[in-house]
Every structure is written in structure tokens, then in C-alpha cells.
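Me: Please take a close look at one residue of this model. Where does it sit, and what surrounds it?

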Amino acid sequence: MSARDLFQPVLDRYLQAYTAHDSAGCAAEFTPDGQIFSPYGPPATGTAALMAAHESWFKEGEFNKSMTILDARAEGGIGFCSLLYAANVSAPDGQVLRIVGTGLNTFLRQADGSWKIRHTSLNELEEQTESALA
């Protein structure tokens with residue numbers, strides 16, 4: 001099984017929880033000591049902080065979030081994937097903006113064989129189009 005096939009279900013569950021504004025569901029895709037480094041807020045470490053970060057993002061009204069794996073590798077119990085993310089946000093003037101960026105996730109295989117995210121580092125792209133990486 002490819003690393004992409006290992007990690008895509010984790011990202012799919014995360015996106016499903018994100019769409020439902022389920023901060024506990026989002027945090028559940030991370031290890032208990034998981035971390036997010038983001039230009040959209042302070043670093044978050046651990047389940048409670050991850051839930052709080054997601055709650056904050058939900059309040060900003062982000063919607064239509066997507067993540068596309070660009071590259072993925074796994075060896076033994078450690079892996080990574082780089083990805084392109086995109087989401088819509090409503091601007092104060094009523095326009096809908098598309099925010100696009102890149103992310104790098106590290107993954108750890110759990111005792112039950114499943115994979116969890118250990119680290120996420122996000123970078124917003126200045127040019128807000130999904131073709132920015134093409």
C-alpha cells in the first residue's frame with residue numbers, strides 16, 4: 001500500500017470532522033501530543049489546544065475546505081505528506097475569497113496499525129489560486 005493510500009483516509013476523516021465543525025473529531029486525527037504550526041493562529045500542542053484552534057477557525061466561517069496530497073512517503077512507523085489546501089472564507093465586503101496554501105504533515109503509526117498526524121505546518125500562498133503550484 002502506498003503512503004498516499006495510508007494517509008488519505010486520515011485526511012478524509014479530518015475533512016469530514018472539519019466540515020461538521022467537530023473540533024474533537026479533528027483533534028482525534030492527531031496524536032495526543034500533536035502539534036499545529038499555522039499562520040492563522042499561535043502554535044497548538046495537545047488535544048485541548050488543537051480543539052481550541054479548530055473552534056477558533058470554525059468561528060471565522062471557513063468552508064469548502066479541501067486537501068490534495070502532493071507527495072507522501074512512509075517507512076516503518078513514520079511518514080509524511082506534503083499537500084495543497086484550499087478553503088473559502090467570506091470577506092467583510094461580502095465577497096467569497098479562496099485561501100490556498102501548502103502543508104506538511106508528519107504521521108506516526110499507532111499500536112493498532114492506524115496512522116495519526118503528529119505535526120502539521122501550514123503556509124499560506126500569497127497568490128490565492130489553486131493553480132499557484134501548477
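Reply: Strands here are DSSP runs of E with at least two residues, and helices are runs of H or I with at least four residues, both numbered from the N terminus. Two strands pair if DSSP finds at least two bridges between them. The model is predicted, so local features need pLDDT of at least 70 and side-chain atom pairs count only at pLDDT 80 or more, while totals for chains, interfaces and linings use all residues. Residues are numbered from 1 along each chain as its sequence is written, and side-chain values use heavy atoms, with hydrogens and water left out.

Serine 38 counts as buried because its relative accessibility is 15%, where buried means under 20% relative accessible area, exposed over 50% and partly exposed in between (1.4 Å probe, protein chains only). Its side chain reaches the backbone nitrogen of tyrosine 40 at 2.9 Å. Leaving aside residues up to four places away in sequence, serine 38 touches Trp57 and Leu122; contact means heavy atoms within 4.5 Å.

The bridge partner of serine 38 in β2 is glycine 41. β1 and β2 pair in the antiparallel sense over 3 bridges. They belong to an open sheet of 6 strands with mixed pairing, in the order β2-β1-β6-β5-β4-β3. Its edge strands, β2 (41-45) and β3 (63-75), each pair on one side only. From one strand to the next, the twist averages 20 degrees.

Two helices meet this sheet. Helix α1 (residues 3-19) packs on it, touching β1, β3, β4 (78-90), β5 (96-109) and β6 (115-124), and its direction makes about 155 degrees with that of β3. Helix α3 (residues 47-59) lies across β1 and β2, at about 45 degrees to β1. Axes are lines fitted to C-alpha atoms, for helices over the stretch in contact, and angles run from 0 to 180 degrees between N-to-C directions.

Elsewhere in the sheet, β5 and β6 run antiparallel and are joined by 9 bridges; leucine 104 has serine 121 in β6 as its bridge partner. Their hairpin has 5 residues between the strands, and glycine 113 in the turn has a positive phi of about 95 degrees. β4 and β5 also run antiparallel, joined by 13 bridges, and isoleucine 78 has leucine 108 in β5 as its bridge partner. In the hairpin of β4 and β5, with 5 residues between the strands, glycine 94 takes a positive phi near 95 degrees.

Terms used
Polar contact = N/O pair within 3.5 Å; in protein donor to acceptor, adjacent residues only side chain to side chain.
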